[in-house]
Amino acid sequence: MSTTVDRADGANSPDSSAPAPAPRATGKGVPLAYAGSGLMTASALMSWCYDPDVLGDLTLYGNPAPVQLTMLVLGLLGLVLAMSAKGPLRRLGAGLDTSRGAFRLGLGAVAYMALTLAAITAQAGGLVNADPGAWVALVGSLVLVVAGRLGVSRPSRNIGAMRAKGWVEILVLVALVAIALLLVADGLTLRDPWAFVLLLLGVGAAAAGLAGANAFTWLGVTASYHSRVLTLAAFVAAFAFPLTQNGSDANMSIATQVIIFSATALGLNIVVGLAGLLDLGYIAFLGAGAYVGAILSGSAFATIDWQPPFLVTVIIGALFSALLGLIIGSPTLRVSGDYLAIVTLAFGEIFRLAMFNLDGNNGPKITNGPNGIPAIPELNFFGFDFGVTHHLFGIPITRFSNYYLLLLCVIALIIVIFSNLNNSRIGRGWVAIREDEKAADAMGVNVFGLKLLAFAGGAFLAGLAGTIKAHHDVSVTPDQYQFLESAFLLAAVVLGGMGTVGGVLLGAVVLKLLPEKLRFFSEYRLLIFGLLLVLMMRFRPEGLVASKRRKLEFHEDDEHLADKVQTIHLEEKTS
Amino acid sequence: MTAMLEVTDLVVAYGKIQAVKGITFSVEEGQVVCLIGTNGAGKTTTLRTISGLLRPESGSITFEGERIDKVPAHKIVTLGLAHSPEGRRIFPRMTVEENLRLGAFSRTENTQKEDLEAAYELFPILAERRSQPAGTFSGGEQQMLAMGRAMMSRPRLLLLDEPSMGLSPLMMKKIMSTVRTLRSQGTTILLVEQNAQAALSLADHGYVLEVGKIVLHGTGKELLTSDEVRKAYLGEA
């Protein structure tokens, strides 16, 4: 038993060596932090603009519009930071780096106000239309930046080791999920692109502030403590989403596309994130499943006159994809390095061109060539028709909602498979292969077999999703499955955080949702996207949500981080 | 009676360059046998060929009466032969415990708990740091981990490649005494070392390799006192 005690001591030593209730140095910036965030909060209740047609109605006193509500939230966040530096929330402040938090929150708020003023200038015809409220908000944000620079307070404890009562932590997590659901539901309904970008920027500012204050470290640890609760809450929220749409299909069609994309990205995450195999042609496996789904759908344009029950089609589609994966993988996975990337890249193109040419003129008539297979009938599960609107508690569930819910179940399945693999003997084998293939081989890891398993398994899941996608899309054509789609999938995995479920979901949602909402600069989409990737690789190569191990891979010489990882590991063990 | 491991006329080449030019030796059960020699003598190549990481040009390797020179590396481990490679090659971003569990990857029986305990008993420091990423370890600790990891597959024959490389004299002593402990617990050991003194003083039998050929062999004591070995490897005139 003594070893356990030793370990616990060892884990806490970086913090416990310093006396726990040590008085924290509070900086000169505290009054400024109060003033700045106070101004920001107050500004939300003032008029920002003379023109009532800009960004909703910003002209009223004491009746904030959504754009001002965002500023209200930012201001309140600033107040929380100030109060935890010096004031009623001092205990919370022990773990928070409020200096950095205030600085980044302030910067974010400045950017937010700059864009708001730009919108007012552009839409109302000149900066003169800005009312005092807007200037108050801008000044408040700037004051907060200065406060952060002067120093508010530094943490005296490792926030990762701070624990609240169990139910409080769960409540926080559930509240965050609910907020996320509301934000997405709200953000999707915004028709004004300015307002949408502003909302994004506001969320970004809040996130920057919280991240700067180390709050996300606590959140990460807490989330891994209550991962089941969090997953459950996220799923409940996702299932509840169609209910918030009141029978409108406009957002549900976007949401369904997002979720197809997410499911595929999660499948790719097994190949790339767990096994470390760079697959640049993953979309072809989705396409293979979709074509199988289309050909066996009973469409009038299907080239095979056989319509098995859908469950059989799903299995055939998935197995067909897996078979393709085996055929591509078995010669290439034996060699390590970049060969796989090149071969999969070529495979993706070969697939698209093959589908293009199997039209009866250049080859056997299987896919109708560029015309594809249209008029795929709606899914029908045991008499449940996916094409019509159903009612649940009087709330209409539309066609897109039906597919959305089905695909959500597929995502759940993929997540279950993913996390079981990640924590299994096979998952450890994959990590070992990623780290040192030769050493893994010497330890008795069947390197080739495990790589092939990951590759074919990933293809299987993509094929499975593809069969459903075919019915959702109504028609399947070759140009839906081009290289750009593979690149986007890979970007979702990398951007979100390789090897994590939450990160990849986040990345997929961001990458699919933003282009849909930001159609007004769709010509610049790829430009912005490329820029974003470059910036990410420079500043946060491990992705938005980093798995513990990936973090180590990118910041190897960071001993402090190594300690932190150890702390988290120990806490998971002892919990 | 045949030996546990028999290597006969083994030739290994990297492309056109032969690194091992026809060597024959054997390891009896319960012994510590060492291969010594200078850099490039072919010691590591020999070990890597035995454990299946390299394929021989010609010759044969027999382990407990079974030809293993065409068996893939991951299957050789299941036969009861473990390899602690040169330079340790631990998995730096995995924790100590994950590293150890990986050593037992080939074992399907559910004995990991006992095996972990055994490894921790062998190297108590590993137990203290079981949740620490292995990359943060010092060289000596990494070597202990590499040995502990190799032992997790419950090998009857352990191939140890340069365990003393880059270690302090004190740490080297500790590693060598562990080799003794392992032998007394019934593990046969094939040891490759540049540190001839340390290796020969605990070996039952030794082979001296020079540019891919065995030039001398005998019991550890014989070699320690042999003039040629003293001149070439122990730095004595």
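Me: What distance lies between the C-alpha centres of domain 1 and domain 2 of chain A?

Reply: Those two C-alpha centres are 41 Å apart. The assignment runs domain 1 over 25-225 and domain 2 over 253-483 of chain A, with bounds that come from an automatic or database domain assignment. Keep in mind that this is a predicted model, where local features need pLDDT of at least 70 and side-chain atom pairs count only at pLDDT 80 or more, while totals for chains, interfaces and linings use all residues. Residues are numbered from 1 along each chain as its sequence is written, and chains are lettered from A and ligands numbered from 1 in the order in which they are written.

Me: What makes 132-150 of chain A a helix, and how do you know whether the length of α6 fits?

Reply: Helices are DSSP runs of H or I with at least four residues, strands are runs of E with at least two, and both are numbered from the N terminus. Helix α6 of chain A has 19 residues. The expected span is 1.5 Å times one less than the number of residues, which gives 27 Å for α6(A); the end C-alpha atoms are 27 Å apart, so the two agree.

Me: Why is Val146(A) called partly exposed rather than buried or exposed?

Reply: A residue is buried if 20 or more other C-beta atoms lie within 10 Å of its own, exposed if 12 or fewer, and partly exposed in between, with C-beta atoms placed from the backbone. Val146(A) has 17 such atoms within 10 Å, so it falls in the middle class. Val146(A) sits in helix α6 of chain A, whose buried residues include Ala137(A), Leu144(A) and Ala147(A).

Me: What do the buried residues of α6(A) pack against?

Reply: They pack against α2 (30-43), α3 (66-85) and α5 (98-124) of chain A. A contact here is a pair of residues whose C-beta atoms, placed from the backbone, lie within 7 Å.

Me: How do you know which class Asn368(A) and Arg154(B) belong to, buried or partly exposed?

Reply: Count the neighbours. Asn368(A) has 22 other C-beta atoms within 10 Å, so it is buried. Arg154(B) has 17, so it is partly exposed. Asn368(A) has a positive phi of about 60° although it is not a glycine, and Arg154(B), not a glycine either, has a positive phi of about 50°. Asn368(A) lies in the loop between α14 (339-357) and β1 (380-381) of chain A, and Arg154(B) in the loop between α6 (139-151) and β7 (157-161) of chain B.

Me: Why is β7(B) described as largely enclosed?

Reply: Five of the five residues of β7(B) are buried, so the rest of the structure largely encloses this strand. Leu157(B), Leu159(B) and Asp161(B) point one way, and Leu158(B) and Leu160(B) the other. In a regular strand the side chains alternate between the two faces of the sheet.

Me: What makes β6 (residues 81-84) of chain B a partner of β7(B)?

Reply: Two strands pair if DSSP finds at least two bridges between them. Four bridges join β6(B) to β7(B), in parallel, and Ser84(B) has Leu160(B) as its bridge partner in β7(B). Strand β8 (residues 188-193) of chain B also pairs with β7(B) in the parallel sense, over five bridges; there, Leu159(B) is partnered by Leu190(B).

Me: Why are β2 and β5 of chain B called edge strands?

Reply: The open sheet has four strands in the order β2-β1-β4-β5 (chain B), with antiparallel pairing. β2 (17-27) and β5 (66-67) of chain B each have a single partner strand, so one side of each has no neighbour in the sheet. Further in, five bridges join β1 (residues 5-14) to β4 (residues 58-63) of chain B, and Thr8(B) stands opposite Ser60(B).

Me: What makes a set of residues a nonpolar core, and which members touch the most others in the largest one?

Reply: Such a core is a set of buried Ala, Val, Leu, Ile, Met, Phe, Trp, Tyr and Cys residues joined through C-beta atoms within 7 Å. In the largest, of 177 residues, those touching the most other members are Leu407(A), Ala454(A), Ala492(A), Val493(A) and Leu191(B). Helix α18 (residues 447-473) of chain A gives the most to this core, with 15 residues.

Technical notes: Contact = placed C-beta atoms within 7 Å.
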